[in-house]
Amino acid sequence: MEVKDLYQIFLNHQEVTTDSRDCPEGSIFFALKGESFNGNQFAMKALESGCAYAVIDEADYLVEGDDRLILVEDCLKTLQLLANYHRRRLGTPIIGITGTNGKTTTKELIATVLKKKYNVLYTQGNFNNHIGVPKTLLKLRPEHEMAVVEMGANHPGEIDTLVHIAEPDYGIITNVGKAHLEGFGSFEGVIRTKGELYAFLRNRLNSKVFLHGDNSNLSKIVGEIPVVKYGSDNVNSDYFVQGEVVECAPYLTFQWKQSDSAWHRVETHLIGSYNIDNMLAAATIGLYFGVTLEEVNDALASYIPQNNRSQLDVTAHNHLIIDAYNANPTSMMAALKNFREMKVEHKFALLGDMRELGPGSVEEHQKIVNYLKESDFEQVWLVGAEFGKTSHGYRVFPQVEDVIKALDEEKPENYYVLVKGSNGIHLSKVLGHL
């Protein structure tokens, strides 16, 4: 079936699923494949569970006389083409966002600010890959006035694939750092891949980039695209928005201004001085699209993280600084520097391995350990095989279950505990034991 014909079906069944265990009544099931599963095998189950149609790409799974089964050449490619077709038909202005660190928090902040004026669709959770982006786009409806679409990557070319599906009109790269080096090959590979967003916008009519002007790596690759700059460098007079950290005790308080206007002070619910860049990005985009200064301030002050990113939880025993969703050398060092500068007593760093760093993994973990040696933390616990290969005198636990056992036995109290590591280390499991 051609995409334009499938789209006519989609208009009457505007919910898609790729999970045969989650089949809303009247939805369309796409039989995707993975390393250990073949969605074609579950097409009939999806239909029995409530789906109106099932899109498959293996003729062996057709059932004679059952026109609810739609045969295509490639289910994933069809899902992506359908999403792009839908995006083009609606023509909703789209802001594409990528970056090594902060893209999910920045996406949430941008959406929070824009919602003060617009009906906004934005990526839920971290649905930012080759499946999540099309599924987000297929949630677009005529009533949506704007969309914020997050795009992630861990290999060269992946951002290029995503921008040609989403076709953003505006773009923001939060930053570039040392992450997924195993897939990208080098830090330069990270910069090139994230820069694929700029490359797409360079050839798109009336496009614009929201540029973190303090970041020299981004400034070097942005090229001739029209930009709206923001940052903390008060020497630059061409910044649309400028800001600076006031304090982190422990929440970030910052002040910002637009061009030569008065300063505005915002007390946030985010941990970490590094989040000022995310805040300034959201303020810049909000103001550019006509959100008022007062509405921007209110949105930024009211945002409360709930995704294990820059989050403070107070338990009966400790204060937990939770940044346990992901970690790489850039974000880990930023978190540790912020933790070191926090004016609180009894600091406990509980850190997990940083994944997907390739041949340089031990070296990058040793840099973190060396910084820990310079810092005056009362307790340092490290989790994972990579930290286990480094030289230091800290406690190392092979896996998170060993940490939980030690916490239950020793019951640490009255600490500020920084919890950070790659998602695969599962440090979120320790939170209920602190």
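This is a predicted model: local features need pLDDT of at least 70, side-chain atom pairs count only at pLDDT 80 or more; totals for chains, interfaces and linings use all residues.

User: OK. At what angle do helix 13 and helix 14 pack?

Analyst: The angle is about 5 degrees, and the axes are 11 Å apart. Helix 13 covers residues 329-341, and helix 14 covers residues 361-374.

User: What do you call that arrangement of helix 13 and helix 14?

Analyst: Roughly parallel. Angles under 35 degrees count as roughly parallel, so helix 13 and helix 14 get that description.

User: Which residues in helix 13 and helix 14 meet?

Analyst: From helix 13 there are P329, M332, M333, L336, K337 and R340. On the helix 14 side they meet E364, K367, I368, Y371, L372 and E374. By class, the contact of helix 13 with helix 14 has seven nonpolar residues, five charged and no polar ones.

User: Next pair. At what angle do helix 11 and helix 12 cross?

Analyst: Roughly 145 degrees, with the axes coming within 10 Å. Helix 11 is residues 275-288 and helix 12 is residues 293-302.

User: Is the crossing of helix 11 and helix 12 left-handed or right-handed?

Analyst: Right-handed.

User: And which residues of helix 11 and helix 12 meet?

Analyst: M279, A282, A283 and L287 of helix 11 meet L293, V296 and L300 of helix 12. This contact between helix 11 and helix 12 divides into seven nonpolar, no polar and no charged residues.

User: Switching to spaces. How many cavities of 30 Å³ or more are there?

Analyst: One. The largest cavity has a volume of about 30 Å³.

User: What lines the largest cavity?

Analyst: Its lining is I271, Y274, I321, D323, A335, N338, F339, M342 and L418. Strand 15 (319-323) and helix 13 each give two or more residues to this lining. Helix 13 has the largest share, with three residues.

User: What about the second largest pocket, how much space lies in it?

Analyst: About 370 Å³. The second largest pocket is lined by 18 residues, and those nearest its centre are T18, D19, R21, L32 and F37.

User: Which elements supply at least two residues of the lining of the second largest pocket?

Analyst: Strand 2 (28-30) and helix 5 (132-137) each do. By class, the lining of the second largest pocket has seven nonpolar, six polar and five charged residues.

Notes
Residues are numbered from 1 along each chain as its sequence is written. Side-chain values use heavy atoms; hydrogens and water are left out. Axes are lines fitted to C-alpha atoms, for helices over the stretch in contact, and angles run from 0 to 180 degrees between N-to-C directions. Helices (H or I, at least four residues) and strands (E, at least two) are DSSP runs, numbered from the N terminus. Angles under 35 degrees count as roughly parallel, over 145 as roughly antiparallel, 65 to 115 as roughly perpendicular and the rest as oblique. Contact means heavy atoms within 4.5 Å. Ala, Val, Leu, Ile, Met, Phe, Trp, Tyr, Cys and Pro count as nonpolar, Asp, Glu, Lys and Arg as charged, and the others, Gly among them, as polar. A crossing is left-handed if the near helix is turned anticlockwise from the far one by less than a right angle, and right-handed if clockwise. On a 1 Å grid over the protein atoms alone, a cavity is a set of points where a 1.4 Å probe fits but cannot get out, and a pocket is an open set with protein on both sides within 12 Å along at least five of seven lines; lining residues have an atom within 4 Å of a point. Grid points are joined across faces, edges and corners, and a volume is the space filled by probe spheres set on the points.
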